[in-house]
Each structure stands twice: as C-alpha cells, then as structure tokens.
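Please read the following points alongside the sequence and the structure. They are set out by chain, with the overall form taken before the local detail.

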Amino acid sequence: MTEPVLEVRDLRVAFGPPGREVEVVHGVDLCIDAGEIVGMVGESGSGKSVTATAASALLPGAARMSTAAWRFEGTDLASADRRQLGDALGGKLAVVFQDPMSSLNPARRVGAQMSDVVRVHGGRSRREALADAVDRLRRVRIASPERRVHEHPHQFSGGMRQRAMIAMGLMATPSLLVADEPTTALDVTVQAEIMELIRELNETMGTAVLLVSHNIALIAEVCSRVLVMYAGRIVEELPASELTSAARHPYTRALMDAVPRFDTSRSEPLATIPGAPPDPAEPVAGCPFAPRCPWVEDRCRVVEPQLVRIGSGSVACHVAVDAHEAAEKEAVDR
Amino acid sequence: MMLAVEHLTARYPGTEVDVVSDVSFGVPVGGTLGLVGESGSGKSTLARAVVGLLELRGPSRVEVDGMDVTPGGPAERKHLRRRVQMVFQDPAASLHPRMRVGAAIAEAAGVAPGRSRADAAQQVPRLLDLVGLSKGLGERYPFELSGGQRQRVAIARALAAEPRILLLDEVTASLDVSVQATVLNLLKDLQTELGLTYLAISHDLAVMRYLCDEIAVMESGTIKERAAGDVLFESPRHPYTAALMDAVPRLDRTEERSFLLVGEPRDAAHRARGCSFHPRCPVGPEVREGRSRCVDEVPELLGDSHPVACHFPLA
C-alpha cells in the first residue's frame with residue numbers, strides 16, 4: 001500500500017471570538033491516495049470549502065483548527081510552524097478557487113506571478129522561471145503564451161484566468177491539486193474544457209485531486225470517490241460509479257433528486273428538501289439532517305449517527321445501516 | 001401572442017456594435033420561452049432590450065398583447081413597465097437593503113393603476129402568501145432572509161404590479177439545488193394560477209428544459225435554433241446546441257463527450273464572417289472539407305416547427 005498524499009483525522013474548525021466560537025466543521029476524516037480524484041459535494045454552509053481550505057493550510061488567522069492527525073506525503077503538519085508548512089506544501093500542493101481574480105494579483109503580470117513558485121521553492125532564475133511559465137500556459141492550452149505571460153490578469157477571460165491558475169499550480173510538480181468550485185462562475189462549455197484539463201493532469205502527472213463542488217453531477221463525472229457533506233460532517237462516502245445505484249444516505253438521494261435532468265418529467269413538481277440546514281451556532285441533538293429527513297425515527301433526534309462502513313462506502317444514518325443489516329440477515333437466513 | 005418581438009436589433013449606448021441582431025420570436029399567452037447560450041451570446045441583452053433598457057435599431061418591434069410597445073416608440077413605456085416585470089439572478093442586488101421587504105413589495109404594488117398607497121399596503125400579505133412566505137416575513141430586512149426567501153420576495157415584488165409577462169434572468173443560478181427546486185416549482189404554480197407568460201434566461205439547459213415549453217438557442221447575438229424543449233434535446237439540429245448539451249455534466253454519463261468545444265466565443269466587435277459559430281464548430285470548415293459555405297454565407301433561421309440556422313444541420 002502506498003502512503004496517502006493527504007491524511008486528516010478528526011478535523012475541527014471554529015470561527016468567532018474566544019468564548020463565543022462557533023464550530024463549523026465537526027470531526028471530519030479526509031484521506032486522499034496518490035493519483036486519486038476525490039470529490040466533495042454539499043450545499044452552501046455544509047463546510048466543504050472550509051474543510052478543503054483547512055486541509056490545505058490556508059485558513060485565515062481568525063479561524064481555529066484542530067486535528068487528531070494531519071499529514072502531507074508522510075510529513076506531520078499538525079505540529080509544523082508556518083515555515084515548515086511552506087516547505088512541506090510549497091510547489092507540492094496546488095490550489096484553484098472559484099474566483100481566480102481573488103487569488104491573482106491584479107497589478108502584476110501573469111508570468112511574474114507564476115514564476116514566484118519556482119523562484120522561491122525551486123531556485124530557478126527569473127529567465128528560467130519565465131520560460132517555465134510559457135511552457136505551462138501552453139500546456140493548459142492558452143494561445144500565444146509568449147505574449148500572454150507579459151499580460152495582466154484583467155486581460156484574460158474568466159476561463160483563461162482559471163486555466164492560468166491551474167498552470168500556476170503546475171509550475172512545480174504538485175502531488176495534490178485542491179480545486180474549490182473551480183468552474184462555478186464559468187459557462188458549461190468552458191467547465192467541460194477545464195475538467196478535461198484536470199483529468200489530463202491527473203493521468204499524465206499522477207497529480208491527486210480534491211474537487212469541491214455543489215454540483216453532484218460534475219463530481220460524479222470526474223471523480224472516483226465522493227464525500228457528501230452536510231452541516232459540517234461527512235454523511236456519506238462512496239465510489240462515484242455507485243452514486244445513482246447505491247447511495248444510502250437520504251440527503252445524498254434528495255440532493256440527486258432535486259436536480260433537474262434531461263429526462264425529468266415536466267408535468268410533475270421537482271423533488272424538494274423541506275426546511276433548511278441547521279444554524280451552526282445552535283447545538284444539534286442527534287442527526288443534523290433529522291428535521292428534514294423523510295425517514296426520520298425517534299432515535300435520530302437523540303443519537304448522532306457515526307459513519308459506518310457498508311460495502312465499498314460508508315454512511316452516517318441509523319435507518320440506512322439497519323436496512324442494510326436486515327437485508328444481510330435475510331440473505332444469510334435464505 | 002402575449003409577447004412578440006420582430007427584427008430586434010440592439011446595441012449598448014456609445015458603442016458601434018449590434019450585440020443582438022435581427023431576432024424575432026413570439027411567446028403565446030401562458031407560455032414559456034427559454035433563451036439559452038454562453039455568456040456573451042446576447043441572451044441577457046435581448047431581454048433587457050425587450051423591456052427598453054437598450055437602444056433599439058432599424059425595424060425593431062416589440063408587441064405586448066397585440067399592442068406596439070416598442071421602446072422609444074410613442075410613449076408606451078408606462079404600459080410596458082406595468083405589463084412586463086423582471087426578476088434577476090441576485091435578489092439582494094434588486095432589494096433595498098434598508099427597506100423592510102413588506103414595504104418594498106408595497107412600493108411595487110403602488111404602480112398598478114388606480115391603487116392608493118393604503119390599497120398597495122393591503123396587497124402585501126396576499127403577495128407574500130402567493131410566493132409561499134409567511135406574513136410576518138414582511139417586517140424583516142433583506143439581510144435577515146435566506147437566498148431562497150429573498151428570491152421569493154423579488155418574485156412577489158415583480159408580481160405586485162400585476163404584470164402579464166415575467167422576464168426571468170438566471171433566477172436560480174445563485175441558489176442551492178434544493179432551493180432551486182422549490183423556486184422552479186413556485187414559478188410553475190404561479191404560471192398556472194395567474195396565467196403568466198414567461199421569457200426565461202439560463203445557462204442551465206436542464207433547468208430550462210424543465211421550465212420552458214420552447215427553447216431558443218442563442219449564439220453571437222442571433223437565434224441559431226428553436227424548438228420545444230423535448231424535441232431540442234432529443235434531436236438537436238445545430239452543432240452548437242449539441243455541443244452545449246454535451247458539455248452539461250450528467251449523473252448517468254456513459255459515453256465520452258463527442259462535441260467538446262475548444263476556445264471561447266468571440267466578442268461582439270470581432271464576430272466571424274459567414275456563420276458566426278464556424279471557427280468553433282465541431283463539424284465546421286476548420287475540421288471538415290467542403291464546408292467553405294459556412295465562411296462565406298450567413299445561414300438563415302429556416303423551418304417552421306423546429307427552425308435552425310445552419311448550412312449543414314445535424315440529422
């Protein structure tokens with residue numbers, strides 16, 4: 001067995017002033033193997049972006065983060081200081097966010113920004129680094145890269161900026177790319193192109209990918225494994241190929257049913273999820289999905305379900321686990 | 001037709017380029033027409049031109065319920081404003097942050113003819129109820145509401161003027177999928193209940209198929225194909241439509257994409273000669289021989305029930 005690229009155990013993140021902190025991520029385990037593409041899906045406020053940001057060591061100073069274990073390619077990050085984090089992750093962990101404008105410096109030329117990575121972490125000269133930048137822009141299919149490296153971010157279209165962000169991540173040879181809603185602001189046509197690019201990187205360079213998105217169909221297409229988040233917890237984990245056939249958590253199923261598809265009946269109302277996710281400031285008793293769940297039972301409001309391994313996935317749902325055990329027992333009896 | 005648009009050509013003030021050129025369509029009473037296309041295809045511009053937010057050119061004509069309301073024409077603005085209301089993607093931007101939502105709805109209700117301020121205020125509980133919000137919500141400010149609730153308020157505000165037509169511009173684009181489903185259901189219910197006519201814009205093809213009776217595909221400021229949603233997505237005839245559909249992520253995708261588009265649409269000032277789509281076309285002159293016609297000749301939108309503007313439509 002190879003070592004995972006990224007491993008985080010019992011991740012907790014809280015925001016707010018001391019004494020009045022609100023925990024928004026409640027004990028998430030995240031493990032990404034080398035060369036794997038993992039998807040993380042959930043709605044706004046589910047904690048998916050905070051989890052990805054925390055695991056990438058990019059949380060703002062106001063956030064408080066704790067883990068039981070946190071390793072990147074075997075290096076312990078939990079006890080590392082800022083400098084050690086930089087050494088461990090610099091050039092090895094690339095990130096792409098929804099709005100590339102917020103991660104690119106509007107006042108500097110694209111080539112100069114791309115060069116920073118290899119000048120700081122790779123000891124390349126200015127000239128060598130710029131040549132690398134041209135090469136990487138070409139690799140993400142940006143036309144006339146020799147000219148484009150001298151331009152500013154505002155001269156790029158939205159899709160080009162996102163490709164430039166990926167190109168920046170490729171300046172070194174990253175072992176993990178964390179992409180947080182990388183195509184949400186883009187047209188579907190550009191989205192398809194960017195996803196193709198991410199898949200290609202994964203295949204040719206063996207870069208593992210953590211793709212965070214609210215779009216469950218996008219995750220299903222690109223990823224091999226899916227983590228479903230709700231109210232700051234992972235409620236289900238399963239192979240992407242089993243999403244439509246074997247999703248066990250009622251939230252996962254509801255999420256898929258709520259999205260219109262090309263074969264959705266037009267004469268019937270769309271499936272909805274009643275109510276709203278819990279307020280992170282209010283303590284939750286039992287299962288956080290219970291107030292909205294079609295299968296809810298009394299115990300769900302009292303005992304919080306833990307992730308239980310079933311077949312090739314895991315699910316945090318009392319009813320789903322019981323149903324599985326009952327089915328197993330029936331099979332054995334027969 | 002409740003809404004009829006003929007030869008609509010529009011440009012932004014101070015520019016020399018037509019963003020939308022020679023577009024014609026009709027939407028029957030109680031029907032929904034969807035406009036789809038990439039950013040820059042002109043779909044939002046077209047909607048804004050219909051309500052008079054842009055300069056119209058040439059023989060452009062807009063009719064609402066048989067009445068000529070062409071913006072800039074003989075003072076039909078007031079009529080237009082009452083009959084046609086818009087709902088936008090970001091409800092926070094269209095609601096005054098320091099006005100209670102009930103007051104915002106009452107203000108809009110005051111536009112309807114023969115209504116006093118007191119009458120308008122009395123409409124608020126009915127309008128909130130219509131969009132599935134409790135009456136108490138009228139006392140809140142926009143920031144106290146969720147995204148879905150704010151979009152319902154924006155819809156209530158649009159309905160307050162008793163319009164016949166709603167222009168829906170990406171109304172679910174910034175909502176979570178579970179909230180999106182409730183808003184789409186609401187729009188369908190309101191249409192049945194009030195006999196409203198919709199002109200909807202979205203980049204999400206599956207949402208449009210669900211909401212609309214008919215869909216027009218826009219590219220470079222013109223309509224490239226138009227058909228009933230089911231027909232369009234079962235058997236697209238324009239390669240652009242096929243490429244758009246193919247790009248949509250699917251839960252149940254079994255085959256590889258066959259129409260992956262490379263590059264992005266050109267801006268209005270640099271559109272291609274002939275068919276504006278030809279430089280990116282997956283079956284166009286760049287990749288197939290004998291298709292020089294696409295470079296030389298602008299294809300017309302031809303056909304009755306399923307018109308398409310392509311020299312070599314897909315079978």
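1. Chain B of this predicted model contains eleven helices and eleven strands. Its radius of gyration is 21 Å, close to the 20 Å that the globule rule gives for 315 residues, so chain B is as compact as a globular protein of that length.

2. The C-alpha trace of chain B spans about 70 × 50 × 35 Å along its principal axes. Of the 315 residues in chain B, 48% are buried. When contacts between residues at least 6 apart in sequence are considered, 62% of them join residues at least 24 apart.

3. For chain A, the domain assignment gives domain 1 (103-173) and domain 2 (247-333). The C-alpha centres of domain 1 and domain 2 of chain A lie 44 Å apart.

4. Helix 5 of chain A covers residues 126-139.

5. Which residues of helix 5 of chain A are buried? They are A:Ala129, A:Leu130, A:Asp132, A:Ala133, A:Arg136 and A:Leu137. Seen down the axis of helix 5 of chain A, the buried residues fall within an arc of 155 degrees, so they line one face of the helix.

6. After helix 5 of chain A comes A:Arg141, whose phi is positive, near 60 degrees.

Technical notes
Residues numbered from 1 in each chain as written. Chains lettered and ligands numbered in written order. Predicted model: local features only at pLDDT ≥ 70, side-chain atom pairs only at ≥ 80, totals over all residues. Helix = DSSP H or I, 4+ residues; strand = E, 2+ residues; numbered from the N terminus. Expected span 1.5 Å × (residues − 1). Buried ≥ 20, exposed ≤ 12 C-beta atoms within 10 Å, placed from the backbone. Arc of directions from axis to C-beta. Domains from an automatic or database assignment. Rg over C-alpha atoms; globule rule 2.2 N^0.38 Å. Contact = placed C-beta atoms within 7 Å.
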